[in-house]
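Reader: I have just opened this one and have never looked at it before. Could you take me through it, piece by piece?

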Amino acid sequence: MFENSNLHLEVFVKESLQYLNEENRRKTFKKWVFTKKEVCNADKMAEAGFIYTGTKQEPDSVKCFFCAKPLDGWEATDDPWKEHLSHAPNCSFAKLQQQQDNITMETFLDLREELLYRTMDIYMDALRDYAEKAGKAMFKDICRILDK
Ligand SMILES: [Zn+2]
């Protein structure tokens, strides 16, 4: 029914869960505006839950893999964890304030579960969108049939 690949549940879930892994987040920072010497470096950004979403116009755009909060306008001296928490105080990941290696298995599983629920919400929204568009198209078809 849903040929549009954006609506494949498997793709949705895999894409969402892949960024629970810090290394996968780090890989998105191929280009970053600051060097390793700065506080606000790519490794710290990935550690603090961000994935790179930058463009030519906005080379320092990122978003949180967990709460989806988009942020830009970074300064070299910004602490990614602090910025994350101050802009997204309800983000369960931002509240951790620690590296992946220091997270217990229990915490990791809790995060994973919350992320899955978030992903399901986004998926349901996409399905609703799809159904709405399909409904409008169907309505047009019915009108066309009745006009004949
Ligand atoms: Zn977040």
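Reader: Let me start with a pair I clicked on: how do the side chains of E47 and K44 meet?
Author: Bearing in mind that this is a predicted model, the side chains of E47 and K44 come together in a salt bridge, with a distance of 3.6 Å from N to O. Both belong to helix 3, which covers residues 42-47, and being 3 residues apart there they are separated by about one helical turn.

Reader: How many salt bridges does the structure hold?
Author: There are 10 salt bridges in the structure. One of them joins the side chains of E22 and R26, at 2.9 Å from N to O, and these two residues sit 4 apart in helix 2 (residues 22-27), about one helical turn from each other. E22 is buried at 8% relative accessible area, whereas R26 is partly exposed at 26%.

Reader: Which residues are linked with those two in a network?
Author: The network of salt bridges links E22 and R26 with E23, K36 and D43.

Reader: Changing topic, what about that helix 6, how far does it reach?
Author: Helix 6, which spans residues 105-147, has 43 residues and reaches 62 Å from its first C-alpha to its last, which is close to the 63 Å expected at 1.5 Å a residue.

Reader: Which of its residues are buried, and what do they pack against?
Author: The buried residues of helix 6 are L111, L115, T119, Y123 and L127. Those buried residues pack against helix 1 (9-18) and also against helix 5 (92-96).

Reader: Then what is on the surface around M138?
Author: M138 forms a nonpolar surface patch together with I142 and L146, and the accessible area of the three together is about 330 Å². I142 lies in helix 6, and with a relative accessibility of 40% it counts as partly exposed.

Reader: And D141, what does its side chain meet?
Author: The side chain of D141 meets that of R144 in a salt bridge, at 3.1 Å from N to O. The two are 3 residues apart in helix 6, again separated by about one helical turn, and D141 is partly exposed at 37% relative accessibility.

Reader: Where is Q97 found, and what is its phi?
Author: Q97 is found in the loop between helix 5 and helix 6, and its phi is likewise positive, at about 55 degrees, although Q97 is not a glycine. With a relative accessible area of 33%, Q97 is partly exposed.

Methods:
Residues are numbered from 1 along each chain as its sequence is written. This is a predicted model: local features need pLDDT of at least 70, side-chain atom pairs count only at pLDDT 80 or more; totals for chains, interfaces and linings use all residues. Side-chain values use heavy atoms; hydrogens and water are left out. Patches are made of residues with over 30% relative accessible area and no salt bridge: like charges are joined within 9 Å, nonpolar side chains (Val, Leu, Ile, Met, Phe, Trp, Tyr) within 5 Å. Accessible areas come from the Shrake-Rupley method with a 1.4 Å probe; for residues, only the protein chains shown count as cover. A salt bridge is a side-chain nitrogen of Lys or Arg within 4 Å of a carboxyl oxygen of Asp or Glu. Buried means under 20% relative accessible area, exposed over 50%, partly exposed in between (1.4 Å probe, protein chains only). The expected span of a helix is 1.5 Å times one less than its number of residues. Contact means heavy atoms within 4.5 Å.
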